[in-house]
Amino acid sequence: MTNDKKNLEQNLDQELDAFFSQSLPPSEDFTQKVMIALPQEPRLAWITSAGPLCGGLVGILFLYFVAPLNLSTVLYLIGSVKGRCSMAFTYAPLLISQISVVTLIAVGLATLWYLAEEDFI
Amino acid sequence: MYTDAELIARVLVESDRESYSELIRRHQSPIRSLFHKLTGGDSALADDLSQETFITAYKALSSFKGHAKFLTWLFAIAKNIYLQNARKHYEVPTDEIPEDSHNSKSDTQLDVQRALKHLEPDDRLILSLCYAQELTHTEVAEILQIPLGTVKTNVLRAKEKLKSKLISYERSEI
């Protein structure tokens, strides 16, 4: 081992401590910049997760009612695209076949209401 | 003086934005310093990433369960934002250091900063978390979501890489 390496070996922790100990002081400008960029209020967790879920449901309803595809085909297509969810989609037709069209329409209307409330449409 | 948990509750229950600004004042320094080190002293980028961290945290505040410290949770968000940014905007590392980084730094510290820029983002991150923020290895493991043993191994490996880079600088100066 060279002298350089030995010295560095001994001092590295010290140098790293010295380098990393320098921290930036709080800045009011930064705080104000973040506050201006914040959305109006934090979203509740269920709304955050409901967004993609409702979007997915709208997609399924659209393909089912508007496109001339039956539900199994729709789910198969989505399942093929989203390979990771293929297991879920394998079982989904069995579950969804139990749900009446009326329920699907109710879910669709609720979704549209939610999207309108959130100013998405 | 309110605790972090009380401030979070006020933000969530009363939509009190002033409480969130207090949380930013309290925790911006470690977050901005972390990004400053990770971005090789690029203050503008560091502040942009810090801002994104606080905005993401605000949006996801209701998912903060309080099992860990609020700052540890912020670091976990910062880690994701940093790695996403590093993947999107990969740049070939250079030895250039921004002018404002030269202030009050010894030659060795500037060498450390240069050498850090040559490390992989993961290595840079683990060293910055362990050294800069005085976090325990257990906390770093929690932030990075990897086992404790892996943290220790990765820190040693990152230090070895940094050391070889620093040795190459010393040799080139001779």
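The model is predicted, so local features require pLDDT of at least 70 and side-chain atom pairs pLDDT 80 or more, while totals for chains, interfaces and linings use all residues. Residues count from 1 along each chain as its sequence is written, chains are lettered from A and ligands numbered from 1 in the order written, and side-chain values use heavy atoms, without hydrogens or water.

**Exercise 1.** Find the angle and the contact residues that describe the packing of H4(B) with H7(B).

*Solution.* 
- Step 1: locate the helices (DSSP runs of H or I, at least four residues, numbered from the N terminus). H4(B) covers residues 70-88 and H7(B) residues 137-144.
- Step 2: take the axes (lines fitted to C-alpha atoms over the stretch in contact; angles from 0 to 180 degrees between N-to-C directions). They are 8 Å apart, at an angle of about 50°.
- Step 3: classify the angle (under 35 degrees roughly parallel, over 145 roughly antiparallel, 65 to 115 roughly perpendicular, the rest oblique).
- Step 4: list the contact (heavy atoms within 4.5 Å). Thr72(B), Phe75(B), Ala76(B) and Lys79(B) of H4(B) meet Glu139(B), Glu142(B), Ile143(B) and Leu144(B) of H7(B).

**Exercise 2.** Now decide how H4(B) is oriented to H6(B), and who makes the contact.

*Solution.* 
- Step 1: H6(B) spans residues 121-132, and its axis comes within 10 Å of that of H4(B), crossing at roughly 155°.
- Step 2: that angle makes the two helices roughly antiparallel.
- Step 3: H4(B) contributes Phe75(B), Lys79(B), Tyr82(B), Leu83(B) and Ala86(B), while H6(B) brings Pro121(B), Asp122(B), Arg124(B), Leu125(B) and Leu129(B).

**Exercise 3.** Which orientation do H3(B) and H4(B) take?

*Solution.* 
- Step 1: the axis of H3(B) (residues 43-59) comes within 9 Å of that of H4(B), and they cross at roughly 125°.
- Step 2: H3(B) and H4(B) are therefore oblique.
- Step 3: the contact includes Leu45(B), Leu49(B) and Phe54(B) of H3(B), with Trp73(B), Leu74(B) and Ile81(B) among the residues of H4(B).

**Exercise 4.** Finally, describe how chain B meets chain A.

*Solution.* 
- Step 1: 42 residues of chain B contact 35 residues of chain A.
- Step 2: the buried area (accessible area, 1.4 Å probe, lost by two parts on being put together, summed over both) is about 3,800 Å², with 64% from carbon and sulfur atoms.
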